[in-house]
Amino acid sequence: MNYTNERNVQMLVYLLKAHGIKKVVASPGTTNVTFVASLQNDPYFEIYSCVDERSAAYIACGMAAESDEPVVLSCTGATASRNYVPGLTEAFYRKLPILAVTSSRENYKIGHLQDQVTDRTCPMRDIAKISVQIPSIHNKEEEWAYGVEINKAILELHHRGAGPVHINIVTTYNWTFTTKEISPVRVIKRLTYKDSFPQLKDKRIAIYIGSHKNWRKDELDKIDIFCEKYNAIVLYDVTSNYRGKYGIPLGLAQYYTDIQKSIDVLIHLGEVAGFQANMNMKEVWRVNPDGEIRDLYCKLKYVFEIEEMYFFDYYNKAISDINNTSFFAEWKEQRNHILAKMPELPFSNTWIGFNSLNFLPKSSILHLGILNSLRSWSLLDLPQSVRTYSNTGGYGIDGGISTLIGASLIDRKKLYFGIFGDLAFFYDLNSIGNHNVGNNVRIMLINNGRGVEFRLPSNPGSQFGDDTDKYIAAAGHYGNKSIDLVKHYSQDLGFNYLTASDKDEFNKAATIFFSENRFDKPIIFEVFVDYKNDVKAYELINSIVLSANDKAKQIAKSVLGTKTINQIKKTLRKG
């Protein structure tokens, strides 16, 4: 067999076969030669010829309705694809799985008087459920991205019913057909309640939970049972609100470099995580009733379009009772070793996070600002009763305090805490002037006078040194760390005001800020830190290197102190 050397076309051919699609109606042309020739050189495909694309689309409708199988259409450039419109309209309203593959030159040529180049980027809403563009492939990243797009388009043929789908694929008119065998392309499959599920026995399993709604006790119990039956662990984000028995916080999990490699299947739950940990696994199973293709780690294999608890009920019933938690024990041991290697941290957002575990009241609600506060607190294992939120949906610095205030209006009996950096705080400053703010609101402003994110060595803006502060890190705004600005503003608005500039001052003020006692006013706690300490803390945490055989013996003698280290260990809670 001889296939085109155009990788994007190879990928489409490979995935058509992998998804069991073989029927094709091809119309003549030059632009689709690489696709049609590759199909006709492969005996797997059943190809039928039709000169008139209008007729071809209706022929495909008849074939799809009679065979109950998807049918592929292939046409060239110019006006050819326009003639598919009547047939695809029929397919849309009859829910027939027709895959219209229109071949074209690069989209950047649209509108530049190129012959036979028409715009296929915006099809009518009722001729295709989705439309994807597949350009030429130049690197592995593009191969991943457009491989996902092809999978997504093919899966949409039968998603929530059926219907037509459009793929516009670019050709470079490469007339070389020397490829004997197409190198594999990752196949993604969607499973629903009616499908047979793959087996999980004898695999090393981790459940990954991003931001998530609140969990009921019975839901947590089902995940605990799953972990015990399948020797699984839960890697959870600070915004996941997961507080089960077999959880490991994601913030430090990225440093368990050796043990990560043993994960066979990562079961992905939830939405955008507050902390995008570097993870290593063989494949990912996404479980979400939306059924959408979310390929966070570029290793997605299955999308389960089902409720999460249906997934765990199914697999819990699939095998008899087994109680094996050795995988969790390995991860917990790694976490203890990391904590034993915890370096001395300067007075910074990260230090404040670790130290606040001594003070944070039970059953309180915590809101975290984007990004330094969220990242710092993601390193922690928060108490079971504390629920945590952050605006990770859009992942912008705006609106964090407003969201906190909105949440606080729902239950006046609970304490609502917010931790925000200065840019996030001042961006949403007007919200604290709202007369609905109750005395159950407590806001911590960590003021380092800039967007410290851009001074971290991992950020490209940091290479400019102090010049980064001028425009990239937006330093010097909002009073340039004025000791009076927030104090007077918040007091005039009816807030109690606290402040601290070092560890001793923080600990004294924190006893008030985190107190379970109710005061007559809401509180703003402004903590002044040197941005260099935030950078230093980030570097120290990221300097931790722990191998699977590293058996660190001693607890760090740092300013965190033995009390804080012990408190952190207590909050591990598992096992």
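What follows is a chat about a predicted model.

Student: Before we start, what should I know about this model?
Tutor: It's predicted, so to speak, with local features needing pLDDT of at least 70 and side-chain atom pairs counting only at pLDDT 80 or more, while totals for chains, interfaces and linings use all residues. Residues are numbered from 1 along each chain as its sequence is written, and side-chain values use heavy atoms, with hydrogens and water left out.

Student: OK, how do α3 and α4 cross?
Tutor: The axes of α3 (residues 53-67) and α4 (residues 85-94) come within 7 Å and cross at roughly 25°. Axes here are lines fitted to C-alpha atoms, for helices over the stretch in contact, with angles from 0 to 180 degrees between N-to-C directions. Helices are DSSP runs of H or I with at least four residues, strands are runs of E with at least two, and both are numbered from the N terminus.

Student: What does that make α3 relative to α4, roughly parallel or roughly antiparallel?
Tutor: Roughly parallel. Angles under 35 degrees get that label, over 145 is roughly antiparallel, 65 to 115 roughly perpendicular, and the rest oblique.

Student: Which residues make the contact?
Tutor: On α3 they're R54, A57, Y58, C61 and A65, and on α4 they're P86, G87, L88, E90, A91 and R94. Contact means heavy atoms within 4.5 Å.

Student: New topic: where is Y389?
Tutor: Y389 sits in strand β15 (residues 387-389).

Student: Which residues have the most contacts inside the largest nonpolar core?
Tutor: F226, L235, F311 and W331, in a core of 99 residues. Such a core is a set of buried Ala, Val, Leu, Ile, Met, Phe, Trp, Tyr and Cys residues joined through side-chain atoms within 4.5 Å. Another core lies apart from it, with 27 residues, including Y3 and I150.

Student: Which residues does a cis peptide bond join?
Tutor: I370 and L371, with omega about 15°. L371 is in the loop between β14 (365-368) and α12 (372-377). Most peptide bonds are trans.

Student: What about the phi of N231?
Tutor: Phi of N231 is positive, near 55°, and this residue isn't glycine. N231 counts as buried, at 14% relative accessibility.

Technical notes: Buried means under 20% relative accessible area, exposed over 50%, partly exposed in between (1.4 Å probe, protein chains only).
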